[in-house]
Amino acid sequence: MPQLLFSVKDAAHILGVSTNTIYTLLETKQLPGKKIGGSWRIHYRDLGLTRDDIHTLKGSEHRA
């Protein structure tokens, strides 16, 4: 099953921005997210991704 929630670090990498930018977007509610166990998690749809995109990302991680 593909990963549906991404960390701040992963979201920053996917969007090509800094983690500080992601935190700012989360804190100002410009990017939806949830705190789970004290850490922010962002749903793949809120990053503009589809399930197919997730499979592509997962495949590129294995090639790196």
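User: Which residues of α1 meet which residues of α2?
Analyst: This is a predicted model. In it, V8, K9, A11, A12 and L15 of α1 meet T19, I22, Y23 and L26 of α2.

User: How many nonpolar, polar and charged residues are in that contact?
Analyst: The contact of α1 with α2 has seven nonpolar residues, one polar and one charged.

User: At what angle do the axes of α1 and α2 cross?
Analyst: They cross at roughly 110°, and the axes come within 8 Å. Angles of 65 to 115 degrees count as roughly perpendicular, so α1 is roughly perpendicular to α2.

User: Back to V8. What does V8 touch, leaving out residues up to four places away in sequence?
Analyst: V8 touches T19, I22, Y23, L26, W40 and I42.

User: Which residues make up the largest nonpolar core?
Analyst: That core has 12 residues: F6, V8, A11, A12, I22, L26, L31, I42, Y44, L47, L49 and I54. The elements giving two or more residues to this core are α1 (8–15) and α2 (19–27).

User: Which element gives the largest share of this core?
Analyst: The largest share comes from α1, with three residues.

User: What do nonpolar side chains tend to do in soluble globular proteins?
Analyst: They tend to be buried together.

User: Is L49 buried or exposed?
Analyst: L49 has a relative accessible area of 13%. Buried means under 20%, so L49 is buried.

User: And what does L49 touch, not counting residues up to four places away in sequence?
Analyst: L49 touches F6, I14, Y44 and L57. For I14, the C-alpha atom is separated from that of L49 by 9.5 Å, and the two residues are 35 apart along the chain.

User: New topic: S7. Where is S7 found?
Analyst: S7 is in the loop between β1 (5–6) and α1. With 19% relative accessibility, S7 counts as buried.

User: What does the side chain of S7 reach?
Analyst: The side chain of S7 reaches the backbone nitrogen of D10, at 3.1 Å. Apart from its neighbours within four places in sequence, S7 is in contact with W40, R41 and I42.

User: Last one, K29. What is the phi of K29?
Analyst: K29 has a positive phi of about 65°, although K29 is not a glycine.

User: Where is K29, and is K29 buried or exposed?
Analyst: K29 is in the loop between α2 and β2 (34–36). Relative accessibility there is 73%, so K29 counts as exposed.

Key:
Residues are numbered from 1 along each chain as its sequence is written. This is a predicted model: local features need pLDDT of at least 70, side-chain atom pairs count only at pLDDT 80 or more; totals for chains, interfaces and linings use all residues. Side-chain values use heavy atoms; hydrogens and water are left out. A nonpolar core is a set of buried Ala, Val, Leu, Ile, Met, Phe, Trp, Tyr and Cys residues joined through side-chain atoms within 4.5 Å. Buried means under 20% relative accessible area, exposed over 50%, partly exposed in between (1.4 Å probe, protein chains only). Helices (H or I, at least four residues) and strands (E, at least two) are DSSP runs, numbered from the N terminus. Contact means heavy atoms within 4.5 Å. Axes are lines fitted to C-alpha atoms, for helices over the stretch in contact, and angles run from 0 to 180 degrees between N-to-C directions. Angles under 35 degrees count as roughly parallel, over 145 as roughly antiparallel, 65 to 115 as roughly perpendicular and the rest as oblique. Ala, Val, Leu, Ile, Met, Phe, Trp, Tyr, Cys and Pro count as nonpolar, Asp, Glu, Lys and Arg as charged, and the others, Gly among them, as polar. A polar contact is a pair of N or O atoms within 3.5 Å; within protein, one must be able to donate a hydrogen and the other to accept it, and residues adjacent in sequence count only if both atoms are side-chain atoms.
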